[in-house]
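Here is my notebook from an afternoon of looking things up.

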There are 2 protein chains.
Amino acid sequence: MGEPIAFRCLTCGREYAPWTVDHVCPRCGAVAGALDVLYDYRALRRRLDPRAFAAGRRFSLWRYEPLLPLAAEYGVPLRAGWTPLYACPTLAAELGLGSLWVKDDTANPTASCKDRGTAVTIAAARMLGRGALVCASTGNAATSTAGFCAAAGIPCSIFVPQAAPRAKLAQLLAFGATVFPVEGTYDEAYGLAVQAADRFRWYNRSDGQNPMVVEGNKTGALEVGEELHCDLPDFALVAAGDGAVVAGIAKGFQELVKVGLAERAPRVYGVQAAGAAAIAHAFARYREGKPVLPAAEGAETIADSIRVGNPQDALRAVLAVAETDGGFVTVTDEEIVAAGQELARRTGVFAEPSGAAPYAGLLRLLREGTIPPGSRVVLFVTGSGLKDPEGALRGVEMPRAIPPTLAAVAKVVEG
Amino acid sequence: MGEPIAFRCLTCGREYAPWTVDHVCPRCGAVAGALDVLYDYRALRRRLDPRAFAAGRRFSLWRYEPLLPLAAEYGVPLRAGWTPLYACPTLAAELGLGSLWVKDDTANPTASCKDRGTAVTIAAARMLGRGALVCASTGNAATSTAGFCAAAGIPCSIFVPQAAPRAKLAQLLAFGATVFPVEGTYDEAYGLAVQAADRFRWYNRSDGQNPMVVEGNKTGALEVGEELHCDLPDFALVAAGDGAVVAGIAKGFQELVKVGLAERAPRVYGVQAAGAAAIAHAFARYREGKPVLPAAEGAETIADSIRVGNPQDALRAVLAVAETDGGFVTVTDEEIVAAGQELARRTGVFAEPSGAAPYAGLLRLLREGTIPPGSRVVLFVTGSGLKDPEGALRGVEMPRAIPPTLAAVAKVVEG
């Protein structure tokens, strides 16, 4: 394993010995104290053999144990990661791209990329002997926590706003989580989860609270690297809500460079909905040399997984994306809906709206000229369309019923 | 690849040269003419090296190309198969079992085991140069066909009863399939698809129509075999609707024995809902030496994927299960709902009701003594709970909302 050398606060830069702090920086507090795990990349560079990833015959993110902060033996059996990467040569050619890949993270155990962060977080909880977890979320992170806790036999408490959608509640309750529907907003549920974690000594998996989450999230990039033999794409696009996923993807690509396996990281673009673009705004401020941390904004989009007004990992996302010379792009709900249809029709990958947003972002960056013709691009599809079937039905015309006769079929077929 | 030596009719025994017939036996017709693919197992036995499966580095069902009827090059990129097998030692011990494994086929591209049969069927369509597919189904097989056709760039037509649930329509329409909602029952939709396949020369992926479907389905058993180093379980349980999946699982295990890789196949049990038990009844008739083929029965169960009154692959299922010295077991809807909760809570695998039915079947066979203590058992979970979230919510109590205060949390936690 990678043996972290420190947990460093992203805001004040203070470093802590690994595992001596669980969550945010005690000095900076809960709002801006996200911790980053530091490794000795020079030492790793000397001893890392890229063939080791495959040689371990682990078909999960634990194949990257040399770049993870703890040993695979603490992981639960659920197979997070090692999801498929699909090449799309026909679509690439039509778009004028050199190559286009779709990284299908809907194939994770609970059908979203959040299982990566959860897998590493739960392993840490087991290593640390923590007996219970907590997560605040309306969606995929909560479900993922509940599923992995079920597999680990560890109790968990989930804080969701009272208005959480039934389908997501179904998955949570099926996994036996203790669900607290909170009378209030997502922000109130989040704040309550932080307080409860403190009070009951629950290990907190919420985005922005736990340095392990990004360590798991980064493995999506490591997998793309391994599958492409470290000949990395020019651009990588991924949806951004709280910011922990895009930060992880950027970190993963950078690590491949830092340990000497790849020459250059892709420029990573976070894709946000135009109506929920707090990190994109923070990134613009960062570019102007202003303070990054955003005030809470309104958040309105059909893409519920990135409907975040007060992103909990904004600073990390901004810094990580900037390090790759990437950026942020916003897309409208209409573009997201159209992208979802097009992605499913052209690749066979059925994404929830936020999972399709990177395809919308790609089209926009191509139009703007930010992504030049001939580029090699990877899109991260972060959640399954089955998480929000009503979202997929938007903008689709229901076909009319026909009588059970061949003549009726012929009329449709032959026009 | 396995090079089939013949396609044989399961009803009349007539053999055809491979690929000279597409679908059912021309002599027996559409009702009872299911074709089975025959291989020269003695020849395979001599030349098959079990290490070849892993050596090919294919992380899909195409790793079993030596036992498949056509070359992997015809497959589409979507990664069907190579799904996780989870060992559940704690649950096994509680149930008095020697071992318990869960084969999680919800990790397939469209979230059900149907992707296996589809992957091989679409590859065959490409090899044969067939330009369009058709599938009749209300659910997982249709979605799977639509997704793989999208990835292949092949048009497909889907016949569903008009009353098909919206979530399943969402996935179908997202993939760009031509959907024919038929005014009538599933049986009428099925019959119409058969006629349309004939008329428009569409390649038919419907269960019971195409010998390729079972060739794909059998790979679930091959994977279990490979992961357990061919030390096969004593019992394998899988839900049965049309019968094509349980038949495939039984065939796969038998093939491991026939090619000399395993000593003995598990006894395969098909699990049906008590209200939709046509194959179980057919199996009972078979045991009494009576004709197998069932008359259509009523079909009533919450497990919509096995809500089949007139199973299209009943004969194949009965013969294949009998060959393993297995059988059929029926479970009530109450048992299925309870099994779904228990499975999710104990393993982290969220199954649709039919996917949880094997766990219910296991409990029943344990109670009956059919499965003795100390047995080694594998359960096939064939479809994701996200396909039917309302099904998962049955029998679950919704937690009450709390005000956003620590006191309210403490009251729940401390009781």
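**Entry 1: ground rules.** I took helices (H or I, at least four residues) and strands (E, at least two) as DSSP runs, numbered from the N terminus. This is a predicted model, where local features need pLDDT of at least 70, side-chain atom pairs count only at pLDDT 80 or more, and totals for chains, interfaces and linings use all residues. Residues are numbered from 1 along each chain as its sequence is written, chains are lettered from A and ligands numbered from 1 in the order in which they are written, and side-chain values use heavy atoms, with hydrogens and water left out.

**Entry 2: an aspartate in a loop.** I looked up A:D388 and found it in the loop between β13 (376-381) and α16 of chain A. Is A:D388 buried or exposed? I call a residue buried under 20% relative accessible area, exposed over 50%, and partly exposed in between (1.4 Å probe, protein chains only). A:D388 has a relative accessible area of 17%, so it is buried. For contact I asked for heavy atoms within 4.5 Å. Setting aside neighbours within four places in sequence, A:D388 is in contact with A:I302, A:D304 and A:P353.

**Entry 3: a threonine in a helix.** Next I went to B:T121, which is in helix α5 (residues 114-128) of chain B. B:T121 counts as buried because its relative accessibility is 0%. Which residues does B:T121 contact, leaving aside neighbours within four places in sequence? I listed B:L133, B:Y203, B:R205, B:N210, B:M212 and B:V213. A polar atom of the B:T121 side chain also lies 2.7 Å from the backbone oxygen of B:G117. I noted a general point here: an α-helix has 3.6 residues a turn, so residues three or four places apart point the same way. Finally, I checked B:T121 against B:P4: they are 117 residues apart along the chain, and their C-alpha atoms are separated by 15 Å.

**Entry 4: checking a helix length.** I picked helix α15 (residues 353-368) of chain B. The expected span of a helix is 1.5 Å times one less than its number of residues. With 16 residues, α15 of chain B should therefore span 22 Å, and its end C-alpha atoms are 22 Å apart, which agrees. Among the buried residues of α15(B) are B:P353, B:Y359, B:L362 and B:L365. Just after α15(B), I saw that B:G369 takes a positive phi of about 85 degrees.

**Entry 5: salt bridges.** My rule for a salt bridge is a side-chain nitrogen of Lys or Arg within 4 Å of a carboxyl oxygen of Asp or Glu. How many does this rule give over all chains? The count comes to 48. I then looked at a few of them.

- B:D22 and B:R130 meet in a salt bridge, 2.0 Å from N to O. This pair links distant parts of the chain, 108 residues apart: B:D22 is in the loop between β2 (15-16) and α1 (29-32), and B:R130 in the loop between α5 and β6 (133-136) of chain B. B:R130 is buried because its relative accessible area is 10%.
- B:K251 pairs with B:D36 in a salt bridge, the closest N and O atoms being 2.9 Å apart. B:K251 is in helix α11 (residues 244-258) and B:D36 in strand β3 (residues 35-38) of chain B, 215 residues apart. B:K251 is buried at 11%, and B:D36 is buried at 14%.
- A:E65 and A:R58 form a salt bridge too (3.5 Å, N to O). A:E65 is buried at 18%, whereas A:R58 is partly exposed at 32%.

**Entry 6: where the chains meet.** I counted 71 residues of chain A in contact with 70 residues of chain B. Buried area here is the accessible area (1.4 Å probe) that two parts lose on being put together, summed over both. Between chain A and chain B that is about 6,100 Å², with carbon and sulfur atoms giving 68%. In chain A, the residues losing the most area to chain B are A:R79, A:L386 and A:L406, together 11% of what that side buries. The rule finds 2 salt bridges across this interface. B:E414 forms a salt bridge with A:R199, with the closest N and O atoms 3.5 Å apart. On the side of chain A that touches chain B, α7(A) gives the most, with 7 residues.

Technical notes. A polar contact is a pair of N or O atoms within 3.5 Å; within protein, one must be able to donate a hydrogen and the other to accept it, and residues adjacent in sequence count only if both atoms are side-chain atoms.
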